Amino acid sequence: MKIKIFGKNIEVTEGIRSAVEEKIGKLDKYFAGETRVDVTLSVNKNEQKVEVTIPVKGRIIRAEEISDDMYVSIDTFELTANIRLVDW
């Protein structure tokens with residue numbers, strides 16, 4: 001998978017990048033190697049948001065998590081349930 005990480009109002013540090021890549025890496029078994037994964041990290045006041053978007057086979061799989069800590073947002077977002085629901 002090709003993971004692209006974007007930051008809005010936040011600097012994407014090596015620690016954050018590593019946490020995202022570790023979490024998203026668990027999804028390798030569901031996708032081909034050329035699949036693109038867009039991860040947007042954003043900060044608004046006290047909200048730390050993670051948005052994950054995966055365009056695959058004409059559909060879009062998307063997950064979002066908001067908390068007051070970016071690492072908590074990264075750790076708690078759920079995408080696997082959405083992947084299983086996609087009609088391949």
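Predicted model: local features only at pLDDT ≥ 70, side-chain atom pairs only at ≥ 80, totals over all residues.

Colleague: How many salt bridges does the structure hold?

Modeller: The structure holds five salt bridges. One of them joins Arg36 and Asp38.

Colleague: Why is the contact of Arg36 with Asp38 called a salt bridge?

Modeller: The closest N and O atoms of Arg36 and Asp38 are 3.1 Å apart. The cut-off is 4 Å between a side-chain nitrogen of Lys or Arg and a carboxyl oxygen of Asp or Glu, so the pair qualifies.

Colleague: Why is Asp38 called buried?

Modeller: Asp38 has a relative accessibility of 16%. Buried means under 20%, and therefore Asp38 is buried.

Colleague: What makes Lys49 and Glu51 a salt bridge?

Modeller: Their side chains meet at 3.9 Å, N to O, which is within 4 Å, so the term applies.

Colleague: How do you know whether Lys49 and Glu51 are buried or partly exposed?

Modeller: Lys49 has a relative accessible area of 22% and is therefore partly exposed. Glu51 has 16%, under the 20% limit, so Glu51 is buried.

Colleague: Which residues are linked with Lys49 and Glu51 in a network of salt bridges?

Modeller: Arg62 and Glu64 are linked with them in that network. The side chains of Arg62 and Glu64 meet in a salt bridge of 3.4 Å, N to O. Arg62 is partly exposed at 38%, and Glu64 is partly exposed at 38%.

Note on methods:
Residues numbered from 1 in each chain as written. Heavy atoms only, no water. Buried < 20%, exposed > 50% of the residue type's maximum accessible area, 1.4 Å probe, protein only.
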